[in-house]
Amino acid sequence: MTALEIAKRIKNREISVEEVVLEAIRKAEGDSCNAFITVCESEQVINRAREVQARIDSGELDGSALAGVPIAIKDNICTKGIRTTCGSKMLENYIPSYSATVVEKLDEAGLVIIGKTNMDEFGMGSTTETSFFGPVLNPNDSTRVAGGSSGGSAAAVAAGIVPIALGSDTGGSIRQPAAHCGVMGLKPTYGTVSRYGLVAYASSMDQIGPIATDEDDLIALYDIIKGPDKKDSTSVSIEDGNKEIKELKIGRFEDLDFKLLDYAVPAYYIIACSEASSNLARFDGVKYGFRASEYDNLRDMYDKTFDEGFGEEVKRRIRLGEFTLSHGFYDQYYLKACKVRRLIHDEFKKAFEKYDVILMPTTTGIAPKLGELSSDPISMYKSDLYTVPINLVGLPALSLPCDNKDGLPIGVQLVGDHFSEKMLLRTAGAIR
């Protein structure tokens, strides 16, 4: 059943919230894809289910389209009282004292969180193989990756453990695993969903978004999590792009003159790693998280905590970011990447003067074999070719299944101008 169908049956008293969430917990505990890092305790979930059921029975949640529905949350989104690890040894035992704004909105709407999903460490990866907790296996073929970095969320939905999940997308981290697992994933316009409580990777590109098997579920979940937030100064509420369009004009990516596509990946990784080197400096072993057990002095503690707490890919990106921001290289790399970012923005704006939607691939191929990309970082970065341009300019994009090869799903993405999420979702419903 879709999430909306589950909610309808709960409202009609055909099934109870407790029955639904316990079934989801049972599936999560038997998960063979390693999609979850933390599965919530049954007692905790039952208490939450009974609370939600009482609110439904009293009519308090009549306005919520997804009341009682179980949901999985990517493990870089803070959940009060539930472990939030970011897929890293650095935060292996971290339990937040607060919830992200999106989690608070889910609670208000009566959804039930059943667990936190596996992910590339701090969102750095395209395969969910950099996780300290092991790789996520593709539900369609356990010898292949689920995509990343939101691989756990996409796999949990594709495997039927939960009907909907939240991921985050910095350079394709919702859309790529959605494509590889055969589900739908929406990367919203930058700022339309609050980032408060999302552990930062690259703050100018990080964006929380929904994953589901059905466009109507995506719309319902997006409607719950979107909106301005006083705790996030980058959040916005403008949705001018959701106007009705009588005759939709779709441009094929190969027919467009994108001269700067080859520069998108280098520009993205320079900017993202620069921001990551700043954001992850807080994990120094002093305030919270992992601390090396043996060290000689403060500097030695910093060095050993960094070396032991982070995985190789995270250390690689932090060091790259430190280099591109360093004296003598800032203008040569970071500033130039920012200029390319603006030029890419202008190319998309020019395309949207002619077309309402751009149709383009989500990934460069089907889901790779385990170890195929993780052993070759440059090839992994290049696999982000079709997704990172969208994040550089903050556009919305929706990946949906379009075909398959050798039994493995292939995704295609619809890209729209800023604030055109509803149009993209309506388009997907029309062409599926």
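Modeller: Gladly. A residue is buried under 20% relative accessible area, exposed over 50% and partly exposed in between, using a 1.4 Å probe and protein chains only. This is a predicted model, in which local features need pLDDT of at least 70, side-chain atom pairs count only at pLDDT 80 or more, and totals for chains, interfaces and linings use all residues. Residues are numbered from 1 along each chain as its sequence is written, and side-chain values use heavy atoms, leaving out hydrogens and water.

Biologist: Is phenylalanine 419 buried or exposed?

Modeller: Phenylalanine 419 sits in the loop between β12 and α14 (421-431); helices (H or I, at least four residues) and strands (E, at least two) are DSSP runs numbered from the N terminus. Its phi is positive, near 65°, although the residue is not a glycine. With a relative accessible area of 15%, phenylalanine 419 counts as buried.

Biologist: And arginine 13, is that one buried or exposed?

Modeller: Arginine 13 belongs to the loop between α1 (3-11) and α2 (17-29). Here too a residue other than glycine has a positive phi, about 65°. At 61% relative accessibility, arginine 13 is exposed.

Biologist: Which residue of β12 is the bridge partner of isoleucine 358?

Modeller: Strands β10 (residues 357-361) and β12 (residues 408-416) run antiparallel and are joined by five bridges. In β12, the partner of isoleucine 358 is valine 415.

Biologist: How many Å apart are the end C-alpha atoms of α10?

Modeller: The expected span of a helix is 1.5 Å times one less than its number of residues. Helix α10 (residues 312-324) has 13 residues, so it should span 18 Å. The distance between its end C-alpha atoms agrees: 18 Å.

Biologist: At roughly what angle do the axes of α8 and α10 cross?

Modeller: Axes are lines fitted to C-alpha atoms, for helices over the stretch in contact, with angles from 0 to 180 degrees between N-to-C directions. The axes of α8 and α10 come within 7 Å, and their crossing angle is roughly 100°.

Biologist: So is α8 roughly parallel or roughly perpendicular to α10?

Modeller: Angles under 35 degrees count as roughly parallel, over 145 as roughly antiparallel, 65 to 115 as roughly perpendicular and the rest as oblique. The crossing angle is roughly 100°. That makes the two helices, α8 and α10, roughly perpendicular.

Biologist: Which residues of α4 are buried?

Modeller: Helix α4 covers residues 101-108. Contact means heavy atoms within 4.5 Å, and the elements covering its buried residues include α3 (42-57), β2 (70-74) and α7 (215-225). The buried residues of α4 are Thr101, Val102, Val103, Lys105 and Leu106.

How values were computed:
Two strands pair if DSSP finds at least two bridges between them.
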